[in-house]
Amino acid sequence: MIGLAGPIAGLFGGQDWRFDLANHFLVQETLLLFVTSVVLLAAKRFFRFFISLAVLLLCLGTLWPYLPLGQESLPSTPLTEAQKVTLLVLNVHRENTAYEKTIQLIEKTNADILVLMEIDKLWEKELATALKERYPISESVARDDNFGIALYSKVAMKKIDTVYMGKAVVPSLRTTLVLEGKEVVFWATHPLPPVSVDYWLQRNEQLLLLAGKIIKDGRPAIVAGDLNSTPWSSWMRPLKNAGLKDGSLGKGFHPTWPTVWPAALRIPIDHVFASDGVKILSKKVLEDVGSDHLPLWTEWTVFSGQPTA
């Protein structure tokens, strides 16, 4: 019954950081549960089979909305290129010195907005030299630890503010875009990883405070970055309660970390979340550029009206 351990532990992830870690591997645990259920059925261990099946169905209920099963609602009129915004999210990994690989990817994708994390002074210098002509709007907070962050944009933005939330005192960047006549608040953020109870609590606090700011503001919002959490963590609920939806819904799982693990074991901790009025049109993971994270690319738009099927 080893296949039951992870999903059951995850049910208590809201109370204990170690149990919450089990939530991050829900896809892998679901596959293991499927195999376990088949083995138990074949062995005619029916009592254990039905327990395994019940937990399997619970896991599938959580994962089902992410499967690309049907046609998504789209605007009633076709979108022009000017109405679409492309976004590249990448934790560059501070110790990664393959600067040229990242710069080449940025040039290749030609995204309208970049959110880059783990930016130190060396990364800041390399990026500023390569991107200053291509991205006229930028803000960078370089740090000697893993929590420097940068935002580059071709899209007109209002003032970019550096915001610190909670005891972790790590920077997030907040700005406002005006698209299709609507103001959209854009957040780039990178909470602490939940590698200890203290870091777990500080990550959770940052997500709670961020959700509170979004609710208080009231405008449509986008949150992008390495959130150091998968969508199934108990502590992603504050963002969902703030009206934000995971950009992966209906599009797959998009595992981005860690690149040193086999693809089947990777988990999705880099995200784009968006509120009503913002539609994620497409989303994909791009090629390895030497970081421990894979780049995440999205295309989205802002509805001036309601989408239609």
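Visitor: Which residue of E10 does Ala224 stand opposite?
Guide: In this predicted model, Ala224 stands opposite Val272 in E10.

Visitor: What makes E5 and E9 the edge strands of their sheet?
Guide: The open sheet is formed by six strands in the order E5-E6-E7-E8-E10-E9, with mixed pairing. Strand E5 (161-164) and strand E9 (244-246) each pair on one side only, which is what marks them as edges. From one strand to the next, the twist averages 25°.

Visitor: Which strands does helix H7 lie across?
Guide: Helix H7 (residues 197-217) lies across E5, E6, E7, E8 and E9, and runs at about 170° to E7.

Visitor: What makes the approach of Asn204 to Arg203 a polar contact?
Guide: The limit is 3.5 Å, and residues adjacent in sequence count only if both atoms are side-chain atoms; here the contact joins the two side chains at 2.8 Å, so it qualifies.

Visitor: Which residues have the most contacts inside the largest nonpolar core?
Guide: Within that core of 27 residues, they are Leu87, Ile113, Val115, Phe186 and Trp300. Apart from it lies another core, of 20 residues, including Ile106 and Trp297.

Definitions and conventions
Residues are numbered from 1 along each chain as its sequence is written. This is a predicted model: local features need pLDDT of at least 70, side-chain atom pairs count only at pLDDT 80 or more; totals for chains, interfaces and linings use all residues. Side-chain values use heavy atoms; hydrogens and water are left out. Two strands pair if DSSP finds at least two bridges between them. Helices (H or I, at least four residues) and strands (E, at least two) are DSSP runs, numbered from the N terminus. Axes are lines fitted to C-alpha atoms, for helices over the stretch in contact, and angles run from 0 to 180 degrees between N-to-C directions. Contact means heavy atoms within 4.5 Å. A nonpolar core is a set of buried Ala, Val, Leu, Ile, Met, Phe, Trp, Tyr and Cys residues joined through side-chain atoms within 4.5 Å. Buried means under 20% relative accessible area, exposed over 50%, partly exposed in between (1.4 Å probe, protein chains only). A polar contact is a pair of N or O atoms within 3.5 Å; within protein, one must be able to donate a hydrogen and the other to accept it, and residues adjacent in sequence count only if both atoms are side-chain atoms.
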